[in-house]
Amino acid sequence: MMIDYENTIPNNVNLSEDKLLQKALRQWQPNFLSWWKEMGPVNSLDYDVYLRTAVSVNPQGWAQFDYVKMPEYRWGIFLQPAQEGKKIGFGEHIHQNVWQEVPGEHRANLRRIIVTQGDTEPASVEQQRHLGLTCPSLYDLRNLYQVNVEEGRHLWAMMYLLHKYFGRDGREESEALLQRRSGETNNPRILQAFNEQTPDWLSFFMFTYFTDRDGKFQLSALAESGFDPLARTAKFMLTEEAHHMFVGESGVARIIMRTCQVMKELSTDDPIHLRKAGVIDLPTLQRYLNVHYSLTLDLFGAEESSNAAIFYSSGLKGRYDELNRKDDHLLKEGSYLITANKNGVLVENEIPLLNGLNEVLRDDFIKDSVAGVERWNKMIQKMGVQFSLSVPHKAFHRNIGALSGIYVSPEGVVLSAETWNKYRDQWLPSESDKRYIQSIMGPVTSVGQYANWIAPPTIGINKQGPHFEYVRFN
Ligand SMILES: [Fe+2]
Ligand SMILES: [Fe+2]
């Protein structure tokens, strides 16, 4: 098969001259398309979707908007432009030139980092593949598809690094990225949160708010990497990640707005009445927040991690905002406080900072998450409703690390399994919550219409209004 590289695969990696990469793509691209057709958004192959496509890395004009059929989306390969004379900013190789090739002694770790990141990208597309069937509007459907094609592009980004820099095992790994399946017992995705279901739009918005934000922090840490192609790839991915988090934050905000309107209209905060009116009561919203927040916290890994220390010391993965931190960027000295379980009591343990870097990143994520929750609370307040959302305690509902295996309330009180289970349905979505949420899901597919449980957006995409025909079904 001949591929017209310049037109079908926008890139700034000189693809039309790179025979080796072309050869690799001749095999991988058809397999990617088969994967998209099998595991991408259901029933969508023929739709015309108003999508943005990354066509350059120019901050003023990197995106192009137009109607596209998703299998024809031009998944491209972009790296932020190289910086002349760039030096490694942390770890044992600090102040040395960044690497343009993979250093032999760090090869296995780098590959593992890239594969783990790469695996999350197709996983989320798989998790979200049924959502189009119940969309609350064409605007939201378009946003879902935008997130999906960009996660597809993120897979391309990681595939590029594997093919270009890792030879044969890189090729094998990038094939394996197309073979694992979210939630499948025999060949699941690597990280647990990416094997959970995203069965409804409330879950989708919480997922894009919290789990895509984990993406932001992981990518920010990789954007500091001494392996320059990875750093530059991750930097460009972050520009797309911002939209994913926007979809989550504004999606939840619009649900809150609609719920608060109905609470005022009916002057009630009774979930039963509100459900009769077809909106999502705020305690239910809080339970969905709790589950997605806690699943996402687990993605940062164990609090104390010698791998995290090695990744940092060898210059592979930095901290969030590494270069602006005022310390020696070696971290051989300091310590860090982690919360742990000691015989059923939560205690603070001091561990060497270098071993605590997963926790440092998790804490940065928590700060960022809380800020958005506060923005939601401001809205609720402004609407004159007495309620506030909050993220649960760090130890609530954890399955990885020092806080797994104990039962902790959202307030941070350690409980017996029996007591915890008694309250479980007040803290996490119950079966009846899930049934209710399912029952109000769409589809709403008329132009300019919105489901009853969510307010329309104030502005649309690319200066189009909320009533624009964002998706055309054929
Ligand atoms: Fe992504
Ligand atoms: Fe994302």
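## The main core

Which residues touch the most other members of the largest nonpolar core? In this predicted model, they are Ile114, Met159, Leu202, Met206, Val252, Ile255 and Leu361, out of 104 residues in that core. Helix 4, spanning residues 138-176, is the top contributor, giving 15 residues. There's also a second, separate core of 6 residues, with Ile338, Ala395, Phe396 and Leu403 among them.

Take a look at Leu361: leaving out residues up to four places away in sequence, Leu361 touches Phe217, Ala221, Phe300, Arg319 and Tyr320.

## Helix 5 against helix 8

Helix 5 (residues 201-222) and helix 8 (residues 282-298) have axes that come within 9 Å and cross at roughly 30 degrees. Angles under 35 degrees count as roughly parallel, so that's what this pair is: roughly parallel to each other. The crossing is right-handed.

On the helix 5 side, the contact uses Leu202, Ser203, Met206, Phe207, Phe210, Thr211 and Asp214, while helix 8 brings Tyr288, Leu289, His292, Tyr293 and Thr296. Sorted by class, that makes 7 nonpolar, 4 polar and 1 charged residues.

## A spot in strand 1

Ala54 sits in strand 1, residues 48-54. Ala54 counts as buried because it has 22 C-beta neighbours inside 10 Å. Setting aside residues up to four places away in sequence, Ala54 touches Pro10, Trp62, Ala63, Gly76, Phe78 and Arg153.

Pro392, by contrast, is 338 residues from Ala54 in sequence and 37 Å from Ala54 in space, C-alpha to C-alpha.

Conventions: Residues are numbered from 1 along each chain as its sequence is written. Chains are lettered from A and ligands numbered from 1 in the order in which they are written. This is a predicted model: local features need pLDDT of at least 70, side-chain atom pairs count only at pLDDT 80 or more; totals for chains, interfaces and linings use all residues. Axes are lines fitted to C-alpha atoms, for helices over the stretch in contact, and angles run from 0 to 180 degrees between N-to-C directions. Helices (H or I, at least four residues) and strands (E, at least two) are DSSP runs, numbered from the N terminus. Angles under 35 degrees count as roughly parallel, over 145 as roughly antiparallel, 65 to 115 as roughly perpendicular and the rest as oblique. A crossing is left-handed if the near helix is turned anticlockwise from the far one by less than a right angle, and right-handed if clockwise. Two residues are in contact if their C-beta atoms, placed from the backbone, lie within 7 Å. Ala, Val, Leu, Ile, Met, Phe, Trp, Tyr, Cys and Pro count as nonpolar, Asp, Glu, Lys and Arg as charged, and the others, Gly among them, as polar. A nonpolar core is a set of buried Ala, Val, Leu, Ile, Met, Phe, Trp, Tyr and Cys residues joined through C-beta atoms within 7 Å. A residue is buried if 20 or more other C-beta atoms lie within 10 Å of its own, exposed if 12 or fewer, and partly exposed in between; C-beta atoms are placed from the backbone.
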